[in-house]
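Here is a short briefing to read with the model open beside you. Take a look at the fold, then follow the topics below.

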Amino acid sequence: MSSSGPLRPQFHFTPQAHWINDPNGLVYLDGEYHLFYQYHPHSDLWGPMHWGHAVSRDLIRWDELPIALYPDELGAIFSGSAVIDSANTAGFGAAAMIAIFTHDASNRQSQSLAYSLDNGRSWTKYANNPVLNPPDNTPDFRDPKVFWYGDASSGHWVMLLAVN
């Protein structure tokens, strides 16, 4: 999808319609940049958050893909990040794309995972979500940023959170 019209951005992604917010998990895999973003696909106003998904080969022209993550019994899908697990450290599969996101249900926030084995075209939520609950029911426990720290053989994953 390319933006068109005099009031639409020409070099930034915008969905065809409805509410968009925080960009999440910009990752590169097999010649494509993947952009995930907070999205309410049914209204121009804030509402039950999903993760929208778009891809680009040049960071200028974007193709909007179907929604990556939908709300479920654990809550709405708030911000997070995405990684490519090249070494299969999580055991989901070689070069799995992994989304790490905040589940929010009635202002209780926890961290969850989903993974894709087909370049982000379909997603499976981890069966044991949430993977991290807030300590002492901390109300603001969100926005995980995950990255690999160290070399390929002896490094480890690190998660940073916004906590209040």
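In which loop is N107 found? N107 sits in the loop between β6 and β7, where strands (E, at least two residues) and helices (H or I, at least four residues) are DSSP runs numbered from the N terminus. This is a predicted model, in which local features need pLDDT of at least 70, side-chain atom pairs count only at pLDDT 80 or more, and totals for chains, interfaces and linings use all residues. Residues are numbered from 1 along each chain as its sequence is written, and side-chain values use heavy atoms, with hydrogens and water left out.

**Confidence**
- The protein chain has an average pLDDT (the predictor's confidence in each residue, from 0 to 100) of 92, and 98% of the residues score at least 70.
- Confidence is lowest in strand β1 (residues 19-29), with a mean of 92, and highest in strand β8 (residues 124-125), at 98.

**The sheet around β6**
- Four strands form an open sheet in the order β5-β6-β7-β8, with antiparallel pairing; two strands pair if DSSP finds at least two bridges between them.
- Because β5 and β8 stand at the edges with a single partner strand each, one side of each has no neighbour in the sheet.
- β5 and β6 run antiparallel and are joined by 8 bridges; I84 stands opposite M97 in β6, and S81 has I100 in β6 as its bridge partner.
- β6 and strand β7 (residues 108-116) also run antiparallel, with 9 bridges between them, and D104 has Q109 in β7 as its bridge partner.
- Of the 10 residues of β6, 9 are buried (under 20% relative accessible area, with exposed meaning over 50% and partly exposed in between, for a 1.4 Å probe and protein chains only), so β6 is largely enclosed by the rest of the structure.

**The largest pocket**
- A pocket is an open set of points on a 1 Å grid over the protein atoms alone, where a 1.4 Å probe fits, with protein on both sides within 12 Å along at least five of seven lines; lining residues have an atom within 4 Å of a point.
- The largest pocket is lined by 13 residues, and I98, I100, L113, V146 and W157 lie nearest its centre.
- β5 (76-85), β6 (96-105) and β10 (156-163) each supply at least two residues of that lining, with the largest share, 3 residues, coming from β10.

**Loops and backbone details**
- N107 is exposed, with a relative accessible area of 62%; N107 and D85 are 22 residues apart in sequence and 30 Å apart in space, C-alpha to C-alpha.
- S106 lies in the loop between β6 and β7, has a positive phi of about 55° although it is not a glycine, and counts as exposed at 76% relative accessibility.
- N119, in the loop between β7 and β8, has a positive phi near 60° and is partly exposed at 23%.
- The peptide bond from N129 to P130 is cis, with omega near -5°, and P130 is found in the loop between β8 and β9 (141-149).
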